[in-house]
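Here's a quick briefing to read alongside the model. Have the sequence and the 3D view open as you go.

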Amino acid sequence: MHRRTFLATSASVAAFSIAGCTRRDANDIPGGFTGIADERGHLLRQPWPQRAPDVTRRVHTLIVGGGIAGLAAARALRLAGHDDFVLLELEDTAGGNSRGTEVLGIACPQGAHYLPLPGDDVPEVQDFLEELGLRQHVAGRWRYDERHLCHSPQERLFFGGQWQEGLLPMQGVGPSTLAQYRRFAAEVNTAQQAAHYAIPVHKSAFAPIQHTQDAITFDAWLQQHGLTDPHLRWYLDYCCRDDYGAGLTQVSAWAGLHYFASRHGFHAPGDDHAGDGEEGLLTWPQGNGWLSERLAAPLGERLHTQRVVGRVTEGRHGVTVDALHVPSGRLERWQAAQVVVALPVHVAARVLATPPAALRARATHIATHQATAPWLVANLRLRAPLQDRPGAAPAWDNVLYGNAGLGYVDAMHQSLQTVPGPTVLTYYRALGDGPNGRAELLQHPWTHWRDQILAELSVPHPDLAGKLLRMDLTRYGHAMTIPTQGTLAQVRQIKAGALPTSAARTTALRFADAPRLAFAHADWSGYSVFEEAFALGHAAGVALA
């Protein structure tokens, strides 16, 4: 999973966009909340039913949690020839933050919407893409299927009343801003030379300089280095909110640098690499739902959805898992020899009868730092293309400078149609910066968010309300962990305390005080991206196969 206050314009303009031209239309726009059954997860707040189970089932390996980590664990078991397993998932479909949907016949994301081309530190993801035919070895080189690579133009920014190519503010900025861009590029390059920033994070160097960065916020680090330009800081804050769900005052300096140093670096305008082209990434109309669908499809009847896992009890001879089948109200008891716990850390700590010390420590860190980010994803179904402000042409990713939201992606960008037509714009907003983001997300009616989104996007697109057929919103109360101060140190400590594994290229999270369990979720990495979840799930599956 994963998206990369309002536009700095006058209150009168914002009011006009609502009252003057959209309020009458907005009240007629249908929509609502969809995609997440909050009430299911909230059943864990109540005492678990004490009655006897309605049915008892046995399986050798049980996977609890059907996000990318759980699906990757299932794939690893399948590839190893281990077919005696079942996966339990809370929602109606598997995929976690990487699910897709349709709005009035057009496919679109409900969460994460792209995958950067994976590096050599994550060969399990490379292998998966090769399995799907997206990655092929041709004439001694690896090539990706161009139909799945994001078409140009990839990104644009609404800045200073017009659109510009790329997301780094450039239109009209002065020499001092450009100088700060170059200084930050040099700092990222220095960081890359000093230590290895890896995805997945457990392959990082864990060098002293990285732990020094981990001890302070990104904001403090920027201040220390004299990087105070408002345009640079806006861009870096946007990047942190986009990947981590919270801005530079919340995430650690290690996380802020890791965003760039683990992938493509940071290239200031005019440097030797600034014209090398856009970063390679894979995307689909339904976002990473395209990937999760292909992970889930081979499972068939081994995938059991609509299950609330309420209790996991490890014994001497096996593991007992109690789950509620929501539609029927039936209590199920599963007896397994071993279990992959692919649940968010705060959920795993709640449902395990005897959580291992590493799980308790990770859950405590997250709770103490309020390090989970709520997210809102809105899918806006349009009947026709929107009018546009001057500047760069419509792109796949369209961001508005200075806004609370993170912009929108166009579900039809990958289509080969020569004339623009109906589409879905998928809008993202992270609410991890404030202490009340989750309560705000859950308490407000959907119309509250509809009106805010319309006000925001109507500035560059004044005809939005008139062309909007429907708006569906998906709320993620605990979308991802935020890599706050101390996260890297804890990841290193947990890695050191895990049981050794004989499997090559994997680091499974198994602990001596929970020998029949393997843990797999991006929460253990400190931030949520596809590669982290997949690598941990794959390692868990390999370890238990």
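Let's start with Glu89, which sits in the loop between strand E3 (85–88) and strand E4 (100–103); helices here (H or I, at least four residues) and strands (E, at least two) are DSSP runs, numbered from the N terminus. This is a predicted model, where local features need pLDDT of at least 70 and side-chain atom pairs count only at pLDDT 80 or more, while totals for chains, interfaces and linings use all residues. Residues are numbered from 1 along each chain as its sequence is written, and side-chain values use heavy atoms, with hydrogens and water left out.

- Glu89 is buried, at a relative accessible area of 8% (buried means under 20% relative accessible area, exposed over 50%, partly exposed in between, with a 1.4 Å probe and protein chains only).
- Skip the neighbours within four places in sequence, and Glu89 still has contacts with Gly65, Gly66, Gly67, Ala94, Leu303, His304, Thr305, Gln306 and Arg307 (contact means heavy atoms within 4.5 Å).

- Helix H4 (residues 68–79) has 12 residues and spans 16 Å from first C-alpha to last, close to the 16 Å expected at 1.5 Å a residue (the expected span is 1.5 Å times one less than the number of residues).
- H4 is mostly covered, with 10 of its 12 residues buried; among them are Ile68, Leu71, Arg75 and Leu77.
- Those buried residues of H4 pack against strand E2 (55–64), E3, helix H5 (123–131), helix H11 (289–296), strand E15 (330–341) and helix H18 (530–544).
- In H5, the buried residues are Pro123, Glu124, Val125, Gln126, Phe128 and Leu129.

**The open sheet**

- Eight is the strand count here: an open sheet of 8 strands runs in the order E1-E20-E16-E19-E18-E17-E9-E10, with mixed pairing (two strands pair if DSSP finds at least two bridges between them).
- At the edges are strand E1 (31–33) and strand E10 (162–165), each pairing on one side only.
- The twist averages 20° from one strand to the next (axes are lines fitted to C-alpha atoms, for helices over the stretch in contact, and angles run from 0 to 180 degrees between N-to-C directions).
- Helix H9 (residues 230–244) packs on the sheet, where it touches strand E9 (155–159), E16, E17, strand E19 (423–430) and E20, and its direction makes about 125° with that of E17.
- As a reminder, strands of a sheet pair through backbone hydrogen bonds, either parallel or antiparallel.
- E1 and E20 run parallel, joined by 3 bridges, and Phe33 stands opposite Leu473 in E20.
- E16 and E20 pair in the antiparallel sense over 10 bridges, with Thr372 standing opposite Thr481 in E20.
- Strand E17 (residues 397–400) and strand E18 (residues 408–410) are antiparallel and joined by 2 bridges; Asp397 has Val409 as its bridge partner in E18.
- E20 has 11 of its 14 residues buried, so the rest of the structure largely encloses it.

**Helix H13**

- Helix H13 (residues 357–368) has 12 residues and reaches 16 Å between its first and last C-alpha, close to the 16 Å expected at 1.5 Å a residue.
- The buried residues of H13 are Ala358, Leu359, Arg362, Ala363, His365 and Ile366.
- Looking down the axis of H13, its buried residues fall within an arc of 160°, so they line one face of the helix (the arc is that of the directions from the helix axis to the C-beta atoms).
- The general rule behind such faces is that an α-helix has 3.6 residues a turn, so residues three or four places apart point the same way.
- Exposed residues Ala367 and Thr368 are on the face of H13 turned away from its buried side.
- The packing partners of the buried residues of H13 are helix H12 (345–351), strand E16 (372–382), strand E20 (468–481), helix H17 (487–497), strand E21 (509–511) and strand E22 (514–519).
- Gln370 follows H13 and has a positive phi, near 45°.

**Cysteines**

- A search of the whole structure turns up 0 disulfides (a disulfide is a pair of cysteine sulfur atoms within 2.5 Å).
- Cys150 is in no disulfide, and the nearest cysteine sulfur, that of Cys239, is 16 Å away.
- The sulfur of Cys239 is 6.9 Å from the closest cysteine sulfur, in Cys240, which is too far for a bond.
- Cys150 counts as buried at 9% relative accessibility, and Cys239 is buried with a relative accessible area of 2%.
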